[in-house]
Amino acid sequence: PFPGWTLPGVVSARAALILANEWRVLPGRRWAVVGGAPDGDDVAAALRLAGAEVVAIAPTGVALAAAAGSDGAVAEIVIEGERFAVDMI
């Protein structure tokens with residue numbers, strides 16, 4: 001868990017893969033993936049194949065936090081002090 005992990009738009013890797021591969025649904029365009037190699041890289045590749053823009057991959061154990069936008073859903077992830085605008089994590 002990390003600050004903001006309960007925001008709408010933060011899903012598990014398994015949920016992201018099921019949405020993209022089985023249901024052919026991409027609930028957001030700009031994604032950040034949290035998790036180390038090789039799993040994080042595999043999820044990022046699957047999301048890219050489905051048409052997502054993966055703007056960041058955060059390895060396990062780094063400092064990160066998610067912030068909500070005006071609609072209450074995730075809008076930003078901060079990884080080691082660097083900010084990325086995202087729709088989904």
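Which residue, with a positive phi, follows H2? In this predicted model, for which local features need pLDDT of at least 70, side-chain atom pairs count only at pLDDT 80 or more and totals for chains, interfaces and linings use all residues, H2 is followed by Gly-51, whose phi lies near 110 degrees. Residues are numbered from 1 along each chain as its sequence is written, and side-chain values use heavy atoms, with hydrogens and water left out.

The protein chain has 2 helices and 5 strands, where helices (H or I, at least four residues) and strands (E, at least two) are DSSP runs numbered from the N terminus. From the N terminus on, these elements follow the order α-β-α-β-β-β-β. The radius of gyration, taken over C-alpha atoms, is 12 Å, close to the 12 Å that the globule rule (2.2 Å times the number of residues to the power 0.38) gives for 89 residues, so the protein chain is as compact as a globular protein of that length.

Of the 89 residues, 36% count as buried, that is, under 20% relative accessible area with a 1.4 Å probe and protein chains only. In helix H2 (residues 39–49), the buried residues are Gly-40, Val-43, Ala-44, Ala-46 and Leu-47. Seen down the axis of H2, these buried residues fall within an arc of 165 degrees, given by the directions from the helix axis to the C-beta atoms, so they line one face of the helix. The buried residues of H2 pack against helix H1 (13–22), strand S1 (30–34) and strand S2 (53–58), contact being defined as heavy atoms within 4.5 Å.

Notes
Buried means under 20% relative accessible area, exposed over 50%, partly exposed in between (1.4 Å probe, protein chains only).
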